[in-house]
Amino acid sequence: MDKIEKIGKFEAITLLITLVANNIIFNISSMVLNSTSTGAWVNIIYLSIISIIFILISSALFKSFSNSDIIDVSEYLGGKFLKCIVAILYIIYFIGFSALCLRYFSNSLQLIYFKYSPLIFIMLLFVIPAIISNKAGLKAIVGVTRLSFPFTFFGIIILMFAASNDFVWQYLFPAFGYGLDSVFINGLSNLFAFNVIGYLFLLKPMLKEEKHFKTISIVSVIICGIYILMSIISLLMTFPFIVETDEMFSIYLLTRLVSFGNFLQRVDAIFILLWIFIFLTFLSFNFYCILKLFKKIFNVRHSTEMSYSLSVLVIGIALAFKDIRTVKYMFRNYLKLYAVILIFVVSFIILLLAYLKKKKSRRKDMMKKWNINKSF
């Protein structure tokens with residue numbers, strides 16, 4: 001991992017779509033439903049438009065910074081001090097989100113299939129491959145993602161359409177749920193569903209060709225919006241009670257409705273296996289991002305050696321939560337808002353100010369050249 005590794009356009013898109021799919025598994029859709037009721041689908045369309053505009057502006061601002069991520073941009077704007085602050089903020093976010101997802105998914109698997117297995121053993125089944133993949137490097141993480149991409153991409157879509165026999169369109173109304181405020185103002189906190197933008201802010205130096213950054217960003221955000229919209233509509237039209245309850249693993253409920261004739265009726269195990277691969281990719285890439293940020297702050301020569309300490313830290317935080325209800329509480333009340341502020345406010349302000357600084361610097365350089373030429 002300590003070598004400079006680059007990935008292509010398709011590889012980057014497959015990786016980001018896998019990260020988006022992890023949000024579906026993490027029950028983001030159900031959390032959006034709980035906060036906006038039947039207005040959730042309108043809320044996601046509204047947030048998708050905001051996110052697309054946001055990433056278009058961000059991509060335009062990033063053009064001025066070749067081979068740079070948000071950490072490099074922060075260093076340009078405020079020196080090493082700002083660079084360290086922003087990197088630490090992202091490290092906290094990635095570690096916190098990894099720990100929450102690890103506890104959530106491990107606990108869900110324990111309750112569904114492994115009731116008598118210790119929770120820490122299930123966690124180790126995810127953490128150990130994440131350590132190994134980081135030892136192998138980014139190419140290994142992306143290589144596995146590329147092979148499993150067709151199943152990841154179509155698996156979510158098949159799940160939504162296979163349960164369509166139970167859909168009731170009337171459950172989508174009233175379209176504004178709890179009211180316009182909950183959909184268009186309070187619902188802005190659901191921008192966390194588009195946290196893939198946070199990964200995009202770190203992606204540019206990993207690309208073989210920077211010119212594809214804008215395309216990759218737009219495609220990823222659009223697919224993110226489509227996935228979440230499809231999952232919300234599917235859940236809402238199938239389980240209208242879900243807006244009032246706090247289902248632990250709501251997307252799993254859809255798999256129990258899916259059957260392909262009399263030949264194949266219990267396909268939930270197939271989807272669980274697919275979700276395990278998705279979560280492994282998510283955890284591996286999160287570890288990669290965290291170690292990359294540590295390397296930037298402390299100039300560590302072999303950052304992969306830190307993966308052991310990182311895994312212990314993530315498991316320790318995951319085990320500190322009492323149960324899944326506590327995980328959801330931490331996410332809704334702390335991490336969700338933290339991520340929205342970090343990605344959509346702090347990072348964007350840094351990017352905008354750095355762009356203005358660079359523009360001002362270029363203007364000064366042009367004036368100097370003009371004055372020199374004039375003197376001659």
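The model is predicted, so local features need pLDDT of at least 70 and side-chain atom pairs count only at pLDDT 80 or more, while totals for chains, interfaces and linings use all residues. Residues are numbered from 1 along each chain as its sequence is written, and side-chain values use heavy atoms, with hydrogens and water left out.

Helices here are DSSP runs of H or I with at least four residues, numbered from the N terminus. Helix 4 (residues 70-112) packs against helix 11 (residues 268-298) at an angle of about 155 degrees, and their axes lie 9 Å apart; such axes are lines fitted to C-alpha atoms over the stretch in contact, with angles running from 0 to 180 degrees between N-to-C directions. Helix 4 is therefore roughly antiparallel to helix 11, a term for angles over 145 degrees, whereas angles under 35 count as roughly parallel, 65 to 115 as roughly perpendicular and the rest as oblique. By class, the contact of helix 4 with helix 11 has 24 nonpolar, two polar and three charged residues, where Ala, Val, Leu, Ile, Met, Phe, Trp, Tyr, Cys and Pro count as nonpolar, Asp, Glu, Lys and Arg as charged, and the others, Gly among them, as polar.

Helix 8 (residues 196-203) is mostly covered, since eight of its eight residues are buried, meaning under 20% relative accessible area with a 1.4 Å probe and protein chains only. The axes of helix 3 (residues 40-62) and helix 8 come within 12 Å and cross at roughly 10 degrees, which makes helix 3 roughly parallel to helix 8. In this pairing, Ser51, Phe54, Ile55, Ser58 and Phe62 of helix 3 meet Ile197, Leu200 and Phe201 of helix 8, contact being heavy atoms within 4.5 Å. The residues of that contact divide into six nonpolar, two polar and no charged.

Valine 142 is found in helix 6 (residues 138-162) and is buried, with a relative accessible area of 0%. Leaving aside residues up to four places away in sequence, valine 142 touches Ile7, Glu11 and Leu15.

A search of the whole structure finds zero disulfides, a disulfide being a pair of cysteine sulfur atoms within 2.5 Å. For cysteine 224, the nearest cysteine sulfur is that of cysteine 101, 14 Å away, and cysteine 224 is buried, with a relative accessible area of 0%. Cysteine 289 is likewise in no disulfide, with the sulfur of cysteine 101 the nearest at 14 Å, and cysteine 289 is buried at a relative accessible area of 1%.

Methods: Helix = DSSP H or I, 4+ residues; strand = E, 2+ residues; numbered from the N terminus. Buried < 20%, exposed > 50% of the residue type's maximum accessible area, 1.4 Å probe, protein only.
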